[in-house]
Amino acid sequence: MNPLRQLLLSAGSHAPLGTWIMSASPLVGEAMGHAGFQWGVIDMEHTPLDMMEVIHLLQAVGNTKMVPIVRVPWNDTVTIKRVLDAGAQTLLIPFVQNADEARRAVAATRYPPEGIRGLAGKSRGSRFGTVPDYAKTANKTVGAVLQLETPAAVAQLEAIAAVPGVDSLFLGPGDLSAALGHAGNTGHPDVMRVMADAAGRCNAVGIPVGTVGGTPEMVVQYRAMGFNYVAIGSDLGLLMRGAQAAVKALTTPDGETHVHTLSGGTQTNQGAY
């Protein structure tokens, strides 16, 4: 069974928590897996990752309990083929707008006769040819998650969900906020209404739906809306938030540095560096 499908089935009503891997660092990706996230998106769309770096990240995350999902840069047959050959089992395919694009995405992830994926004899995906009958069994273990990022795509939600082989839908609140005229304001009431409506419709047709929130408070709201799995920020986002909080705690508003001593407590030292 596909690892994401298995995770969602075992989670029941408890929405699994994930995050985004934006740093392109195998070491950071591995650390995020050990931090306790149940799933994580290795992002090729908005990072400089090349194929070998994707393999290194899959190897690193493979040392943890985190279920990896690789977001490809686009709904492109060649890229999808190469990422699957690299060993990814679950793909997040961005900017799917309608059922035709959904069918094209699913076909790229499946071997004939269900799809058009090209066959390789000794790829990492088949553990270099050691998985018995890989070409006959791979279609059952590969997962296709399709990302809806515009009002037009959300309007086609039921038609997209009905395409055979679509395992899950994923709402992209960032691009959705831009498409609705509120770029970057994912908490705007207009955006939240579309998100809640989409989650309810996914639940009505019985297809799992996921999304990502920038703060714990936003994640709680998404869970309440009925999203089945939710990510919190990204490795870089969490790093920057912690780093900026540390800098803020140790500097004055005008940028001077705080110096702490046992005898004098915390003081401002204009000459510190």
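I take contact to mean heavy atoms within 4.5 Å. The model is predicted, and local features need pLDDT of at least 70, side-chain atom pairs count only at pLDDT 80 or more, while totals for chains, interfaces and linings use all residues. Residues are numbered from 1 along each chain as its sequence is written, and side-chain values use heavy atoms, with hydrogens and water left out.

**Entry 1: Cys202**

I looked up Cys202 and found it in helix H10, residues 189-205. Helices (H or I, at least four residues) and strands (E, at least two) are DSSP runs, numbered from the N terminus. Is Cys202 buried or exposed? Cys202 counts as buried because its relative accessibility is 0%; the term buried stands for under 20% relative accessible area, exposed for over 50%, and partly exposed for what lies in between (1.4 Å probe, protein chains only). Not counting residues up to four places away in sequence, Cys202 touches Leu157, Leu169, Ile207 and Val209. I also noted that 42 Å separates the C-alpha atoms of Cys202 and Lys248, which are 46 residues apart along the chain.

**Entry 2: Ser168**

I then turned to Ser168, which lies in strand E6 (residues 168-171). Ser168 counts as buried because its relative accessibility is 1%. Which residues does Ser168 contact, leaving aside its neighbours within four places in sequence? They are Ala144, Val145, Leu146, Ile207, Pro208, Val209, Gly210 and Tyr229.

I checked its side chain for polar contacts (pairs of N or O atoms within 3.5 Å; within protein, one must be able to donate a hydrogen and the other to accept it, and residues adjacent in sequence count only if both atoms are side-chain atoms). The Ser168 side chain makes one with the side chain of Tyr229, at 2.7 Å. The side chain of Ser168 also reaches the backbone oxygen of Pro208, at 2.9 Å.

**Entry 3: the cavity**

I searched for cavities and pockets on a 1 Å grid over the protein atoms alone: a cavity is a set of points where a 1.4 Å probe fits but cannot get out, a pocket is an open set with protein on both sides within 12 Å along at least five of seven lines, and lining residues have an atom within 4 Å of a point. Grid points are joined across faces, edges and corners, and a volume is the space filled by probe spheres set on the points.

I found one cavity of 30 Å³ or more. The largest cavity holds about 40 Å³ of space.

**Entry 4: the largest pocket**

I recorded a volume of about 560 Å³ for the largest pocket. Of the 23 residues that line the largest pocket, Gly87, Gln89, Arg124, Gly125 and Arg127 lie nearest its centre. Helix H3 (51-61), strand E3 (67-71) and helix H6 (134-141) are the elements that give two or more residues to this lining. H6 supplies the largest share, four residues.

**Entry 5: helix H3**

At the start of H3, a side-chain oxygen of Asp50 comes to within 3.3 Å of the backbone nitrogen of Met52.
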